[in-house]
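Me: I would like to learn how to read a model, one feature at a time. Please give me the general idea first, then the case at hand.

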Amino acid sequence: MKELRELIRDLRDDHDLKQKTVAAHLGLSQQTYSNYENGRREIPTWVIAELAKYYKVSTDYLLGIDNSYLGNTNLKNQYLTNVTMHDIMYDIQTLNGNSRKDLLRYIQYLKYLQKNK
């Protein structure tokens, strides 16, 4: 299970934001926010609540109670270099049934490998 500091860093990365941008939203210095992400300072409850609102996730997700966050679901946002989620979804929809099953098995295999690193 990821720590809170890792989750807020991942959320910031998912939204292609700089620490300075999130810090400004919170009314903090970039250094203070950086210390939260790096685990050098404890994250106050009010910051957790504000980050949950900012990223539209639950505080339960940030605290590790609920892991249902799917990432940034805007299909037009860049997912990887020059590829959007819309592009990926379109490509998946053009696959036949057997290829889709193979893709799902491969995704499960990659998740297994990642979990067991």
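Me: Let's start with accessibility: is G97 buried, partly exposed or exposed?
Reply: Buried means under 20% relative accessible area, exposed over 50%, and partly exposed in between, with a 1.4 Å probe and protein chains only. G97 is partly exposed, because its relative accessible area is 45%. This residue lies in helix α7 (residues 97-115); helices here are DSSP runs of H or I with at least four residues, numbered from the N terminus. Between the C-alpha atoms of G97 and N35 there are 48 Å, with 62 residues separating them in sequence. Before we go on: this is a predicted model, where local features need pLDDT of at least 70 and side-chain atom pairs count only at pLDDT 80 or more, while totals for chains, interfaces and linings use all residues. Residues are numbered from 1 along each chain as its sequence is written, and side-chain values use heavy atoms, leaving out hydrogens and water.

Me: Now helix packing: at what angle do the axes of α2 and α3 cross?
Reply: Each axis is a line fitted to C-alpha atoms over the stretch in contact, and angles run from 0 to 180 degrees between N-to-C directions. Helix α2 (residues 19-26) and helix α3 (residues 30-37) have axes that come within 8 Å and cross at roughly 105°. α2 is therefore roughly perpendicular to α3, a label for 65 to 115 degrees.

Me: Which residues in α2 and α3 meet?
Reply: Contact means heavy atoms within 4.5 Å. On the α2 side are Q19, K20, V22, A23 and L26, and they meet Q30, Y33, S34 and E37 in α3. The residues of this contact divide into four nonpolar, three polar and two charged. For these classes, Ala, Val, Leu, Ile, Met, Phe, Trp, Tyr, Cys and Pro count as nonpolar, Asp, Glu, Lys and Arg as charged, and the others, Gly among them, as polar.

Me: Which residues touch the most other members of the largest nonpolar core?
Reply: In soluble globular proteins, nonpolar side chains tend to be buried together. A nonpolar core is a set of buried Ala, Val, Leu, Ile, Met, Phe, Trp, Tyr and Cys residues joined through side-chain atoms within 4.5 Å. The largest one here has 18 residues, of which I8, Y33, I43, L51, Y55, V57 and L62 touch the most other members. At least two residues of this core come from each of α1 (4-14), α2, α3, α4 (45-55) and α5 (59-62), and α4 gives the most, with five.

Me: Which residues of α4 are buried?
Reply: An α-helix has 3.6 residues a turn, so residues three or four places apart point the same way. In α4, V47, I48, L51, A52 and Y55 are buried. They lie on the same side of α4, because they cover an arc of only 140° around the axis, taken from the directions from the helix axis to the C-beta atoms. These buried residues pack against α1, α2, α3 and α5. On the other side of α4, T45 and K53 are exposed.

Me: And backbone angles: what is the phi of D16?
Reply: Most residues other than glycine have a negative phi. D16 is not a glycine, yet has a positive phi of about 50°. D16 sits in the loop between α1 and α2 and counts as exposed, at 60% relative accessibility. K56, in the loop between α4 and α5, also has a positive phi, near 60°. K56 is exposed, with a relative accessible area of 74%.

Notes:
Parallel < 35°, antiparallel > 145°, perpendicular 65-115°, else oblique.
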